[in-house]
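Open the model in your viewer and keep the selection panel at hand.

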Amino acid sequence: MPAHKKKLNTNPPSQAEGFFLALKEKFTGKLPKDCLEIKSLSRNQIETILDLAQEFKEKEARGQKKHEDLKGKALINIFFEPSTRTRTSFELAGRRLSADMMTIAPQASSLSKGESLKDMIENLEAMGPDLMVVRHAASGAPGLIASYTKAAVVNAGDGSHEHPTQALLDAFTVKEKLGEIQGKHLVIVGDISYSRVARSNIYAFCKLGGKVTCVGPATLIPPGIEKMGAKVETDLDKILPHADAVMFLRIQKERQEKMNFPSIAEYTRFYGMNRTRWAALKKEALIMHPGPINRGVEIEPEIADGRLEGGAQTVILDQVKNGTAVRMAVLSLWGRSK
Amino acid sequence: MKMLIKNGHVVDPVAKKDGLFDLLIEDGKIKKWEKRLRVDTVDTIIDAKGLVVTPGLIDLHTHLREPGYEYKETIKTGSMAAAAGGFTTIVCMANTNPVNDNAVITEFITKRAQEEAIVNVLPIGAISKNLEGKAMADIGQMAEAGIVGISDDGRCVMDTALMRKSMQYARGFGLMVVSHAEDECLSGHGSMNEGPVATELGLSGSPNAAEELIVARDIALAELTKAKLHIAHMSSRGSLELVKAAKKRGVSVTCEVTPHHLFLTDEAVRGYNTNASVRPPLRSREDALALRRGIEDGFVDTIATDHAPHASFEKEVEFAQAAHGMVGLETSLALCLKLVQDRSIKLSQLIKLMSANPAHILGLKSKGTLKPGADADIAIFDPNEKWNVDPTKFYSKSRNTPFGGWSLKGKIKYTVVNGKIVYENI
Ligand SMILES: [Zn+2]
């Protein structure tokens with residue numbers, strides 16, 4: 001805490017400062033150097049992030065979009081794996097916080113030409129960045145990068161490990177729509193094995209007092225997922241009436257069809273959201289998807305577009321919108337805590 | 001040349017001796033030993049008071065990386081690491097570049113070993129040409145050139161018919177067949193155990209069954225072909241059960257376990273620790289405990305290091321990209337002495353596992369014991385000296401160990417090969 005405080009006092013004061021100091025009281029401990037995983041965050045820390053995101057969202061509603069939290073700070077977005085949605089969300093968040101920002105998308109080929117990840121990060125480190133946002137196809141890569149840089153590293157999704165800002169924006173959206181996470185039941189449907197979104201959401205919802213059930217073909221439920229706090233179910237219809245929010249994960253068609261289930265059609269029959277299943281949901285339940293969606297595979301188009309009335313609603317676009325506020329909160333907290 | 005080793009606590013399970021003896025060595029052979037030896041003239045005297053004197057350790061499983069990967073290890077540096085760990089004979093695997101799949105490479109290795117190695121180096125030849133698992137390597141000619149067995153270690157021979165034929169053929173030359181048991185269709189070449197830790201880390205895992213399937217297959221093939229089968233680096237409790245049952249049926253099968261599978265679990269991978277990336281992967285606690293029981297009840301034949309040196313740039317990468325394996329020659333004895341310190345086994349049992357048994361598996365009658373007439377290959381260690389594993393001090397060219405910083409008890413003071421001191425640390 002003292003190191004934290006010293007840093008703050010030497011920084012030029014800004015409008016978010018008072019708010020930040022107030023929030024800081026809520027921390028049970030110092031933030032980790034990097035934002036790599038929900039697993040190592042406390043409930044208080046998660047709530048602090050969500051509260052700050054709420055503050056940003058409210059200010060935006062009042063027309064106050066631009067902030068100076070990261071003025072004079074260098075932010076590098078490094079997207080080793082392409083992702084339009086997450087990248088633009090982080091870019092917008094960085095701009096709104098007045099960071100000096102650049103985005104690079106290293107080609108896998110340049111790394112294979114003998115330049116290692118380590119070489120590359122050490123080169124970027126020479127420019128003295130304050131924040132690095134990293135998306136990478138390999139589990140653990142942001143942590144490896146963090147070990148080569150003094151910058152705070154924010155994980156924007158690594159392999160099948162974690163995607164912390166996605167879980168935070170999901171939690172934010174559920175809290176916004178349902179009032180709280182405590183006691184709420186999140187059902188995650190689909191490819192749990194390869195999903196970083198599922199892992200981060202399991203941690204986030206369990207820490208916030210909710211409960212999580214993972215549903216999918218047995219081939220896509222990884223062993224020991226229960227140890228992370230989730231329940232497991234293979235029958236979607238059995239669990240749907242008990243869900244407060246149902247999150248459908250994207251099916252990577254290329255990866256799955258060979259081994260994990262016989263066909264997309266069969267997958268959709270057992271695990272897709274359709275009208276019958278929609279009717280079985282609680283009226284106030286939320287239908288979520290981290291995107292990008294395969295229309296007609298994970299969710300029927302009419303439901304995805306929210307054209308059915310008088311029942312559970314999709315909040316997919318709310319998720320996207322809240323993504324900016326949540327990422328602003330993360331960048332602000334980690335950019336300043338540095 | 002005469003050497004006298006005085007006042008040492010000699011442990012020789014073959015000679016069934018465990019007590020204070022003086023040992024006389026003459027012309028590279030053990031001459032005699034008695035409670036107190038009076039010798040008029042000797043060239044060298046080692047005072048082994050407070051030290052344990054045992055037959056030199058024998059490692060059935062090392063990777064020396066020469067030819068082809070000299071930046072990781074050479075025959076010379078690997079042999080120095082061996083000597084520092086009390087090993088006097090090491091068996092080196094065929095996955096060099098080029099692969100040791102023909103007599104020219106075998107001769108290169110044996111010649112190099114004669115010129116530069118400070119311990120005995122015995123090569124293993126490949127089962128298949130270029131380790132591709134497609135066609136048989138020049139097994140007979142390599143046998144003439146001095147290989148002691150065949151193995152595609154690093155790869156599994158997935159073609160069962162080729163494995164069968166190779167075992168039959170090797171039997172004709174009296175060669176053992178060393179199986180790297182890993183169903184590659186099932187394992188996905190994974191270097192992480194399938195289970196809760198892999199799930200949490202988002203790494204794809206290789207299940208125990210990937211190993212057990214091939215152990216079961218190769219035991220069946222050993223029964224079919226009557227070949228001498230040796231299961232390398234056994235990691236799963238199911239494999240141990242298969243080997244136990246086969247031994248009880250009288251199948252000619254032996255097995256080894258590594259110190260890392262005995263003393264580490266998949267928990268060691270947390271933090272994406274690439275030094276814990278190895279195939280077969282570090283398994284669960286239940287597996288490690290089962291292997292230790294296998295050692296206690298004598299079904300495990302030997303502890304082998306699977307010494308696998310890699311340069312730091314090959315480990316400072318994403319976990320899934322990291323080179324597999326760890327160095328082990330310089331930490332093996334001190335780690336395994338834990339079994340004695342924990343009273344799991346007696347010291348003489350450990351020496352049997354690390355010297356007498358591997359000598360027997362290799363068919364080396366003059367090694368693995370200090371009986372008069374045997375080769376004067378000797379390890380002398382202080383069983384009580386504590387030390388911290390500092391990879392920067394390794395004789396090996398590589399530092400990839402998951403045991404860095406561990407505090408261990410038991411330190412090699414002298415290593416004697418062929419009656420000559422090749423390593424001393426006093
Ligand atoms: Zn192997």
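Contact here means heavy atoms within 4.5 Å. This is a predicted model, where local features need pLDDT of at least 70, side-chain atom pairs count only at pLDDT 80 or more, and totals for chains, interfaces and linings use all residues. Residues are numbered from 1 along each chain as its sequence is written, chains are lettered from A in the order in which they are written, and side-chain values use heavy atoms, without hydrogens and water.

**Stop one: the interface.** Select chain A and chain B. In contact are 20 residues of chain A and 13 residues of chain B. About 1,300 Å² is buried between chain A and chain B, with 59% of that from carbon and sulfur atoms. Buried area is the accessible area (1.4 Å probe) that two parts lose on being put together, summed over both.

Next, pick A:K39 and B:E200. They form a salt bridge, with the closest N and O atoms 2.7 Å apart. The rule (a side-chain nitrogen of Lys or Arg within 4 Å of a carboxyl oxygen of Asp or Glu) finds two salt bridges across the interface of chain A and chain B.

**Stop two: a helix pair.** Helices are DSSP runs (H or I, at least four residues), numbered from the N terminus. Select residues 208-225 of chain B, helix 7, and residues 237-249 of chain B, helix 8. Their axes (lines fitted to C-alpha atoms over the stretch in contact, with angles from 0 to 180 degrees between N-to-C directions) are 8 Å apart, at an angle of about 15 degrees. Helix 7 of chain B and helix 8 of chain B are therefore roughly parallel (under 35 degrees).

**Stop three: another pair.** Select helix 1 (residues 75-84) and helix 2 (residues 103-116) of chain B. They pack at about 60 degrees, axes 9 Å apart.

Technical notes
Helix = DSSP H or I, 4+ residues; strand = E, 2+ residues; numbered from the N terminus. Parallel < 35°, antiparallel > 145°, perpendicular 65-115°, else oblique.
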